[in-house]
Amino acid sequence: MTDVEQPSLTRAQRRRDRDTTTREDLSGPLVLVRALAVLAIAGLAVLAVHAGPLFVAGLLVWAAAGIAWGWPQVAALSSGWRLSFVVVLTGLLVAAAVVTVEDDPRLRLVPVALAIGIVVTFLLQLLRSDGRTALTLEVIATATAVAVIGIGAGLVGTALHRHGTELITISMAAVGAAALADPLATRLRDRSWLVPVAMVLGALAALGAASALGGLTWGVALLLGMFVGALSYAVRTVVAGEPASHTLAGVLAAACASVLSVGALTQVATLVLSR
């Protein structure tokens with residue numbers, strides 16, 4: 001017998017086949033809950049930045065608590081209290097590291113806070129008496145959550161900038177608009193167009209917010225909205241790719257992470273505007 005030669009598949013075809021055979025999608029209600037959570041957190045961020053940088057720092061701690069609640073489920077850990085403890089501790093340290101600095105660079109103590117979080121992560125692993133099951137997975141998951149908190153510090157740093165109110169408001173408008181692309185993921189088989197859709201939605205929302213606020217050029221708002229929309233959507237998609245994250249806690253963690261992840265972009269924007 002001779003083997004029948006299988007036709008070669010393109011990369012797009014292989015990706016579609018993989019999505020249809022291995023991907024487990026969020027249920028419709030959880031997708032709606034996640035989108036509403038993103039909108040709520042983005043709205044709280046706008047209110048916080050108008051109230052003052054301390055409120056933005058408080059929102060960072062609250063979002064860290066949300067990640068601490070759901071991240072163990074995202075990583076499918078049987079015991080996640082160590083991860084949750086480190087994430088909450090890091091959130092408190094990072095927020096304090098930003099608001100206690102009164103001159104530039106505002107974020108210079110953030111690496112110290114993140115380093116403390118990583119050190120505590122390994123110390124807790126050394127103190128384990130349960131055989132250290134899933135040690136590598138737990139360390140990686142904890143480090144990833146700590147990194148998200150570190151990126152979120154950019155929002156607090158942005159709030160201290162002279163254009164911080166405008167930048168965060170525009171960014172949160174883009175995050176909220178990009179969340180509208182989430183329900184489409186449950187209806188479309190080919191999702192490769194959803195990132196551009198999130199970028200367009202984010203750009204349009206950012207331009208609208210910039211027009212209402214004033215103070216920033218349309219070019220800055222357009223670029224910021226595009227990248228913020230794409231990044232926030234991508235973070236939610238990556239987290240939702242883990243079947244263990246398909247819970248209420250996992251959905252909240254994904255929503256918090258998608259909002260905090262744009263802190264790096266807003267901080268870059270402050271550096272550009274400072275020149």
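Modeller: A crossing is right-handed if the near helix is turned clockwise from the far one by less than a right angle, and left-handed if anticlockwise. This is a predicted model: local features need pLDDT of at least 70, side-chain atom pairs need 80 or more, and totals for chains, interfaces and linings use all residues. Numbering starts from 1 along each chain as its sequence is written, and side-chain values use heavy atoms, without hydrogens or water.

Colleague: Which hand has the crossing of H10 and H11?

Modeller: H10 spans residues 218-240 and H11 spans residues 248-260; helices are DSSP runs (H or I, at least four residues), numbered from the N terminus. H10 and H11 cross, and the hand is right-handed.

Colleague: At what angle do H10 and H11 pack?

Modeller: Their axes (lines fitted to C-alpha atoms over the stretch in contact, with angles from 0 to 180 degrees between N-to-C directions) lie 8 Å apart. H10 is roughly antiparallel to H11, a label for angles over 145 degrees. The packing angle is about 150°.

Colleague: Which residues of H11 make the contact with H10?

Modeller: Contact means heavy atoms within 4.5 Å. H10 brings Ser-232, Val-235, Arg-236 and Val-239. From H11 come Ala-254, Ala-257 and Ser-258.

Colleague: How far apart are the axes of H5 and H6?

Modeller: H5 covers residues 110-126 and H6 covers residues 135-159. They pack at about 165°, which means that H5 is roughly antiparallel to H6. H5 passes H6 in a right-handed crossing. The axes are 10 Å apart.

Colleague: Which residues of H5 make the contact with H6?

Modeller: H6 contributes Leu-135, Glu-138, Val-139, Thr-142, Ala-143, Val-146, Gly-150 and Ala-153. H5 answers with Val-110, Leu-114, Ile-118, Thr-121, Phe-122 and Gln-125.

Colleague: Where does Ala-76 sit?

Modeller: Its phi is near 60°, positive in a residue other than glycine. Ala-76 is exposed, with a relative accessible area of 54% (exposed is over 50%, 1.4 Å probe, protein chains only). Its place is the loop between helix H3 (53-74) and helix H4 (81-99).

Colleague: What pLDDT does the chain average?

Modeller: pLDDT is the predictor's confidence in each residue, from 0 to 100. At least 70 is scored by 88% of the residues. The chain average is 86.

Colleague: How many contacts beyond four places in sequence does the model have for residues 18-23?

Modeller: Where pLDDT is low, the predicted coordinates should not be read in detail. Residues 18-23 also stay under 50. For residues 18-23, the number of such contacts is five.

Note on methods
Helix = DSSP H or I, 4+ residues; strand = E, 2+ residues; numbered from the N terminus. Parallel < 35°, antiparallel > 145°, perpendicular 65-115°, else oblique. Buried < 20%, exposed > 50% of the residue type's maximum accessible area, 1.4 Å probe, protein only.
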